[in-house]
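Biologist: Please show me the model. I have some questions about it.

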Amino acid sequence: MGKLEKLKLTEIHPEGWLKRQLQIQMNGLTGKLYDIWDSVGSYSGWLGGTGESWERAPYYLDGLVPLSYYLEDKEHWELCCRFIEWTLNSQQEDGNFGPKVTLHEPWSKFAMLKVLIQYEEITGDARVIPFAVNYLQYIADVSKKIKIREWSEARIPDLLYVAKWVYDRTKEKKILDLMRQIDQASFDWCDYLEQLPFPRPAAYYMNWKLYEDQVSRTALEDMAPYHATHIVNVAMGLKHPAVRNVYAGETEYYASVAEKGIGDLIRHHGVASGCLNGDEHLAGNNPSQGSELCSVVEYMFSLQALLESFGSTAYADQMERLAYNALPATITEDFMAHQYLQQANQIMADDTERPWFNNSKESNMFGLEPNFGCCTANMHQGWPKFVNSLWYKEDSNTVVSMCFAPNTLKTRIAGEETVIELCTEYPFRDTLSYQIQKAPKKAITVKIRVPNWCEDFTIACAGAEIVTDKAARMIVVTKAFQEGDQIEVRYPMEVTYSTWYHKSVAVERGPLVYGLNMKEKWVVKKEVAGVKDYCVYPESDWNYAIARDRGSVDVREAEISETPFSKEFAPVHLQVSAKKLAEWGLDGGNTMDLPPSPVKANVEEVKIDLIPFGCTKLRISQFPYYEAKED
Ligand SMILES: [Zn+2]
């Protein structure tokens, strides 16, 4: 479809279950973190204190700023403003800024600039754009004199995203020149995506244990394979083709680079939840390997950048896969505990030693900061930033409904105020109802994405001209709308099967992947700052193969509860025919390697209950399957 215009934060307002999810988040760790966790507390270097002075406060604010705005939460908004005021006042004459002890280190500034551009969209504060331009100039100058290394080198695409934002706003050619200069200092993720250099798990290329014994941590991190296989770097790097294209202007080429690279990464390291496995380096596609929470939210943000530059609905499909499966599954329903690593097949979440590449044995426990605190700081951006991917503009006359969740769009189309509410319980239900509350006098176009899992749909809008752009996967609705008009779309959700590692199958229905509904036992392991860390143990069987036959699946929809991704009140249940595989047992805290499918199982067929992946904390989501005909 081509380039899309990102809307300002103030133009899309969460409603319904999405707003409830945001409030749960604020009532949970996001709202409490400043008071209970010193990494982002009153001693933060980003408030002029002597505490953590690197990425943690910027990470935290990247989520807290939009969340406070959407919920009109004055107390947390004022907290954000204290960090932001300190930051804006910290800029030096050369353009550098931030806490003194980390002045030499650029990466955390890239993260803080992502905070500032969101703050600018909300407030229109005129200090932000010149502040950002000064810093871009500073990095362009510095990069000519010294080599930018490590995290900063790997994460330059995030600074280029900020530059793109400034350019979209100012249209100044000078910004394109700065982007070109700065990009020369970046690790080249475009090359990387064009020819994925690490199709195998990182352990194949790096012997971590040997390295760890022989060289210092700093020397280790300076080695090329370290940063190029680090899963958070990879997730951030996915936006490189989108931001490089802004000044290079070869849309077709960079769009194909992104498409090929992401396709290869999914093939070699992907699992059904949408995650790329990395624990914390690329880990192959075995569903017992782990995937870091930071990489889930950063992947989502990179998909936003790709949507802006290339407009392909495939990125929205992938965004929904992550937002509606991987993200809710790895944070507790009350948003008070999260995992560092989640697994697609996760039958125990505890401190048993697991074959992670280099993470600690606590990595898949639920808690305040299992393994390491980066995700504790960074997870907050996931839901609030997702709101911004619900709508885009194609031109001054055309809006695009890209990802689906209940919300109200308030923008100007054809120069006039327009208000459209999307009433829906998607992804749990299959209908979208667009209510036109205010519309321009002249005809406008509303484009609505057709998800990749949907072939037959229905659409109704009285008096409109409706066509389907099959190549772009868009429904195109054109009309001079009146207040009270509606667009009704139904995307019937059929049960389908996707194929993964060892030909395992995942059961999907619409944008949701389904996991085995296991009985879980939660045990408090320790308590830090009033926050509990838990181990979760299975109290029911998990070693099932399923029949890959959609006729045998019973779908039961239940009411959507106050907690949208609830296990106890799961909004959808699937009853699936299955057989127990006695020989598929435990291997430490994981399942034994998945038996290659189809499997033979001459035992009685039973029914098992599957619920949305996002509602599970223990689960099998990639099952072996048996041929229905064998007996
Ligand atoms: Zn992390």
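Biologist: Between which strands does the loop with Ala-480 lie?

Modeller: This is a predicted model, where local features need pLDDT of at least 70, side-chain atom pairs count only at pLDDT 80 or more, and totals for chains, interfaces and linings use all residues. Residues are numbered from 1 along each chain as its sequence is written, and side-chain values use heavy atoms, with hydrogens and water left out. Strands are DSSP runs of E, at least two residues, and helices are runs of H or I, at least four, numbered from the N terminus. The loop with Ala-480 lies between strand E13 (474-479) and strand E14 (486-490).

Biologist: Is Ala-480 buried or exposed, or in between?

Modeller: Buried means under 20% relative accessible area, exposed over 50%, and partly exposed in between (1.4 Å probe, protein chains only). Ala-480 has 36% relative accessibility, so it counts as partly exposed.

Biologist: Which residues does Ala-480 touch, not counting those up to four places away in sequence?

Modeller: Contact means heavy atoms within 4.5 Å. With residues up to four places away in sequence set aside, Ala-480 touches Lys-441, Lys-442 and Ala-443.

Biologist: How far apart in space are Ala-480 and Ala-464?

Modeller: In sequence they are 16 residues apart. From C-alpha to C-alpha, the distance is 8.0 Å.

Biologist: What is the geometry of the zinc ion site?

Modeller: Donors are N, O and S atoms within 2.8 Å of the metal (3.2 Å for Na, K and Ca); water is not among the atoms, so sites may look incomplete. Glu-292 (OE), Cys-294 (SG), Cys-374 (SG) and Cys-375 (SG) coordinate the zinc ion at 2.0 to 2.3 Å. Four donors count as tetrahedral if all angles lie between 85 and 135 degrees. Here the angles among the 4 donor atoms are 96 to 121°, and the site is tetrahedral.

Biologist: What is the radius of gyration of the protein chain?

Modeller: The chain has 20 helices and 26 strands. Taken over C-alpha atoms, the radius of gyration is set against the globule rule, 2.2 Å times the number of residues to the power 0.38. For 631 residues the rule gives 25 Å, and the chain comes close to that, so it is as compact as a globular protein of that length. Its radius of gyration is 24 Å.

Biologist: Which peptide bond ending at a proline is cis?

Modeller: Pro-598 is in the loop between strand E24 (590-591) and strand E25 (606-612). Omega is near 0° for the cis bond from Ser-597 to Pro-598.

Key:
Four donors count as tetrahedral if all angles lie between 85 and 135 degrees; four count as square planar and six as octahedral if opposite donors are over 155 degrees apart and all others between 65 and 115; anything else is irregular.
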